[in-house]
Each structure stands twice: as C-alpha cells, then as structure tokens.
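Please keep the sequence and the structure at hand while reading.

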Amino acid sequence: MKKTLQMVITAGMVLSMSNVYAKSGLNRTKLYLYTGEKATLKIKGAKKIKWSSTNKAISVKKGVVQAHKAGKATITAKAGKKTYRCSVAAVRPLKLNFTASVVEQKIVIKTTAKGGFGHTKYQYAYRYQGKKVTLTKYTKAKSASFSIKGNGNYTLEVMAKDQHNKKTVKKATLQVTSQNTSTAPSSNGSHTMKSSDPAVTSPSVTSSTIQSSNINSTTPSDTSRTMQSPDITAMTASKKNILLGDEVTVQGKVDHTNDKTAYSMKVTLDDGTIIAQNNARSITFKVNQVAHYTITLTATNEDNLSAVRAYDFTTQQPLMQPGTITTSKIGKTVQCFVQYVNSDIKWTYTSSNPNVVTVDGNGLATTVGKGTAEITAFYNGYTASQKCLITVS
C-alpha cells in the first residue's frame, strides 16, 4: 500500500513539474500564417536565445517569424541547455469574392472563396447596414438574402474564416434607386454587382451603383427591355509569379457590355497609395516594391449599372545572406548576396563602417579593421530584409 501511494505521489510530482516546464517554455508550439504575415515567439525568463528555421521561406529573427512563401518549417529556439520547437505552416491568404443582386425587394449575396487553410471547412457570416443592421452567425452557407424596404444605400459585408479561424472581411456599398416602380413590373428584375477582393479602406473601389431606369408603363417596347449589369467574368495577369522589378499587365474580361460602357482601373497598395490608374479594361505597371497590390476594374454601362472586381498579389520578400559573421582575420572576404528568385535585379551594396568592412558592387565584403559593420542591399529605394552583420574581433 505504501509503495502504491508513493508511486501515485511521484507521478503527481512529475505531472506538476511537466506543467510548470510547459508554462515556462515557448509561448507557441504551432503557428498558422498567411504569406506575408508575422508572429512573435517568446520564452519567458530567457535572455539569450538562438533562433533557427528549417525553411528559408519561413524566417525567424529575434523571435519574429515571417512567412515569405507557402510551406512548412520548424522553428528552433535554444536557451541555455534547453531546446524548444514550434511547427509553422504557411499558405496563401484566403481570397473572398461575392456577388450581390437586388431581386424583388431582396438583396441576394452569393460567395466564393479559395486559399487559406482547409477549403472544405470555410465558414461565412453576412451583414448589411441600411435602415437597419442585420448580422448572421458564422455558417457554412455560401449565400444569404435580406429583405429591404425602399431606396437607399446598403453596406454589404461578407466575412469568412478558415479552419484555423483566420478571418477575411470584404465590403461593398450598394445604392438602390427605383423610379415609377408601381407601373413598371420589370424594374424589379435582377441587377447584379460584383465585389472581388476590394480593399475595405477604399470606398471608391468598393462602391457600385444599382439603379433601375425610368420605364413608362404605356410603352410596351420599353417595358420588355431587360437591363443587365456588366459582368466582369475574369481578371488575369500577364505573369503568374510576379516578382520585384517585373512589369505586369492585368486585364479584365467583361460581358453584357457595349461601346458606351465606361471603365476605370486602379492599382493600389494596402495603405491606399495609388500606383497607377486609367480608363480602360487593362493596365500595365512596374512592380518596384515589396507590398500587397490590389488591381480593381470598374465597369459602368449606359443604364448606370456597375460591376467591380479586383485582382491582388503580394510580392516576395528578398532576404540578405549570409547573416551574422564573426572573425578575427583582417583581409577575410565574405560574399554577401540577396536571396531572391528574380536574379535580374541589380542590387546596390553598402557598408555602415568602411573602416571595418568594405564591400564592392557585387556584394563581396572584405575585413580591413576591427569593429562591426552592417552590409545592406538596396534596389530602387527598397532595402532587403535581414542585414549581413560582420564583426572583426
């Protein structure tokens, strides 16, 4: 009996110590990131930590993990004699598209989504705000409908989350104006607007107008006419893998249109900066910085019915190599380079302290004195992440 009791007490002590160890270890053991996202790992109480990653596409620096490309990696943290690990999975962000139609005093929303984690486990929530606010709970339903009364502006919002609860929100403003509706049954027909990844912070991009024409009920030829919004069926780019330094053309394919249809295209960054814009179905621009680009096409026909759709991409993050170097040898050479898939880019290299380390135009660094210097790479005003730090003792 005593032996049994002693074994139970010992097991309890081991379990208790295990829990304390877990609490004092790495704050996360699993991470799920979209490409371009960052997350911070910490070890409570640890001062000196050595970080490493098994995949260069998912980097770690001072505990900050960044997903540059889709893939998997194991982040290792060494603090003293203890080693901690965190598994990381990175995928492209969840892309959310939706169409909204006005049919018989109802707003009908239909949603499509791709990317993210677990495409079979997407969940959606819908909201519109006009004369009242309606919000649905998250559901697997890819469509929703709301009854509306009268004319006005209706703000539509579609929310989606993947199996790891990473969320995406898209928004569009719908303006409904009807004239002589009591004598024009056909004015209750279906008018559709499209929203495909518009930036939520750009009202000029996300707004579309649905307006029924003034139809005289005494003119049969007018009442039989069917009004239909332009349908932007596709947005395509001239290159699949768009890189820093590339020139790219994005073009939209539009149905239900004629010579009187007006177009506008705009290229914006997440902060609202406009890179390029024109009044056409296609636009060509230079990719000169690492950022998330949104290209939006708006088409408006002679009936003032509009459609809007967007194409977006994120350029990859160039990494400076080989990282941190420590040496006591004067005259030692270190080849610094930028790890990036577009080898045509000509990077400019500079040294923060030429009295310690010099560097030529090809990134070849040479130690000339004692101290520390950082080698930095530039291209078109952009600085590659992670500098090459060389210390000469």
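## Lining of the second largest pocket

In this predicted model, 22 residues line the second largest pocket, and those that lie nearest its centre are Val60, Lys61, Gly323, Thr324 and Gln386. The volume of this pocket is about 680 Å³.

Three strands, S3 (50–53), S4 (58–61) and S24 (319–321), each supply at least two residues of the lining, and the largest share, four residues, comes from S4. Sorted by class, the lining of the second largest pocket holds nine polar, eight nonpolar and five charged residues.

Most peptide bonds are trans. The bond from glutamine 321 to proline 322, however, is cis, with an omega near 10°. Proline 322 is placed in the loop between S24 and strand S25 (324–327), and S24 is one of the strands that supply at least two residues of the pocket lining.

Most residues other than glycine have a negative phi. Lysine 62 has a positive value, with phi near 55°, and its place is in the loop between S4 and strand S5 (64–67). Lysine 62 counts as exposed because its relative accessible area is 74%, where exposed means over 50%.

Asparagine 165 is not a glycine either, yet its phi is positive at about 60°. Asparagine 165 lies in the loop that runs between strand S13 (152–161) and strand S14 (167–177).

How values were computed:
Residues are numbered from 1 along each chain as its sequence is written. This is a predicted model: local features need pLDDT of at least 70, side-chain atom pairs count only at pLDDT 80 or more; totals for chains, interfaces and linings use all residues. Side-chain values use heavy atoms; hydrogens and water are left out. On a 1 Å grid over the protein atoms alone, a cavity is a set of points where a 1.4 Å probe fits but cannot get out, and a pocket is an open set with protein on both sides within 12 Å along at least five of seven lines; lining residues have an atom within 4 Å of a point. Grid points are joined across faces, edges and corners, and a volume is the space filled by probe spheres set on the points. Ala, Val, Leu, Ile, Met, Phe, Trp, Tyr, Cys and Pro count as nonpolar, Asp, Glu, Lys and Arg as charged, and the others, Gly among them, as polar. Buried means under 20% relative accessible area, exposed over 50%, partly exposed in between (1.4 Å probe, protein chains only).
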